[in-house]
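Here's a quick briefing to read with the model open beside you. Take a look at the structure, then work through the points below.

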Amino acid sequence: MAGSSKSAAWPQSAVVVWEREEDRNLWVSYDSFVSAGLEEARRNGKSRLPLGDLAREMTRYEVDLRNMRQYRSDTGSSCHVRRSLFVEGTPQADGVVWHWEERGHWLCYDNRSSCVLEDHVLRKAKSVDLSRDNPKMPYVINFQTMEQTNKRTGFTRRIRRIPLPMPFPAVSREELMSLHESHSTTKSKPSQRKRKSESSEMALGSQSQTQTSSSSKLPPGTHPWLAHCKIVTNRGDESKTEDCAICFEGLSKPSDYASGSEAEALMVVELKKCSHKFHILCLQALYATSSKNGCIQCPTCKAIHGVKVGNQPLNGRMAVSKMGWQLPGFPGCRTIQIQYDFHGGIQGPEHPEPGKPYSAHGFPRTCYLPDNKEGDKVLQLLRVAWERRLIFTIGSSVTTGQRNTVVWNEIHHKTEATGNAGGHGYPDPNYISNVLAELAAQGVEDDETL
């Protein structure tokens, strides 16, 4: 376990990540949905799990949970798998993933490199040489241009850091306590430590040596959204006359969702972005009914805390080009043309009807912005919204009534270039301010960058 061995520094929460060894000591994580399926199979005592049951693209693979190996049915090849735990401060636990691009496809970095990238980007480094940590990764990463350059060939690829569609499964409090006790007992007994590691890797990534005092006070079952809160008090304070907008009890009284200790029931937190206060247990209950993607929306002012991720299909394409002609109302200004394209597929676990087909009608769709300062600002925010899967969703078409199809997701676009007869074109003096407000309602705001 990285970090201090003192009990005060032992992590309060962690996530389970299942990994496969793609090269010697180069471990790549399964996605969070497959990890959750493997974790459930392990918990239920299954000996084998066909991965096609979890992800259509993995129909050729099966994991032997007793021997901890993945097998490919058509070639007979196999590789090691392992179950690892990652604590707060690692990209896996914080709900983000690092990708590099190859021939139009985004591929995951191995977990070791991901932790190095996350550590450096959080320290606001401009670049990092991955080969210093792992000679098998001869790449220099430029965080300003979000590019990876091969030191041997000079070849450059794009990289990206995006939120996970769903978080990795949380480690139970009982397992963390058991590992803590084992760590304390076996740190002077290497042979026992080795036997313990054979069943589950305690690969806790690059956990910080220090932890905030507030994180050690949070109740069991912590969630990523707690990073966007600060503790106001953990005792009844009669001077607090505000009410909790979730349970409608005074903040000086216990939460309506209390089921444990009195101190936990009285704990109050303040959302950092908007400063609204709630019982922590009430926010926990609110998060439990949400999409559980690491962000939370303030029930009072609707501000998004954290990074909101949608369920836009992953097979889409967003292409941008500059046109030499003008939009009505923007004389002397060129035009930004955005084209979105999707094709049908099978719904994933984040969609309304998982496993069922969805269609994509009316694509490609072409939209327009003025090529000026305001239009470029909207374009950059639309890029962020696209990466977060917020521009489209799967639902019912308002115009045709068709179910299970790709539809717009409450961020309006201008699809007419030569007039505004249908209300979807220019001139429209309020469009820029309106679309910025719609983006902000999705948590994509002026200071966002890719």
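Let's start with histidine 413, which counts as buried because its relative accessibility is 9%, and buried means under 20% relative accessible area, with exposed over 50% and partly exposed in between (1.4 Å probe, protein chains only). Keep in mind that this is a predicted model, where local features need pLDDT of at least 70, side-chain atom pairs count only at pLDDT 80 or more, and totals for chains, interfaces and linings use all residues. Residues are numbered from 1 along each chain as its sequence is written, and side-chain values use heavy atoms, with hydrogens and water left out.

**Around histidine 413**

- Histidine 413 sits in the loop between S24 and helix H9 (431-441); helices (H or I, at least four residues) and strands (E, at least two) are DSSP runs, numbered from the N terminus.
- Its side chain makes a polar contact of 2.9 Å with the side chain of tyrosine 340.
- That term means a pair of N or O atoms within 3.5 Å; within protein, one must be able to donate a hydrogen and the other to accept it, and residues adjacent in sequence count only if both atoms are side-chain atoms.
- A polar atom of the histidine 413 side chain also lies 2.9 Å from the backbone oxygen of isoleucine 411.
- Leaving out residues up to four places away in sequence, histidine 413 touches Tyr340, Cys367, Leu382, Ile391, Trp408 and Tyr431 (contact means heavy atoms within 4.5 Å).

**Around glutamate 22**

- You'll find glutamate 22 in strand S1 (residues 14-23).
- Its side chain is joined to that of arginine 20 by a polar contact of 3.1 Å.
- What separates the C-alpha atoms of glutamate 22 and aspartate 110? The gap is 8.8 Å, although the two residues are 88 residues apart along the chain.

**The whole chain**

- The protein chain has nine helices and 24 strands.
- Of its 450 residues, 44% count as buried.
- Take the contacts in the protein chain between residues at least 6 apart in sequence: 57% of them join residues at least 24 apart.
- The protein chain exposes about 23400 Å², and carbon and sulfur atoms supply 48% of that; accessible areas come from the Shrake-Rupley method with a 1.4 Å probe, and for residues only the protein chains shown count as cover.
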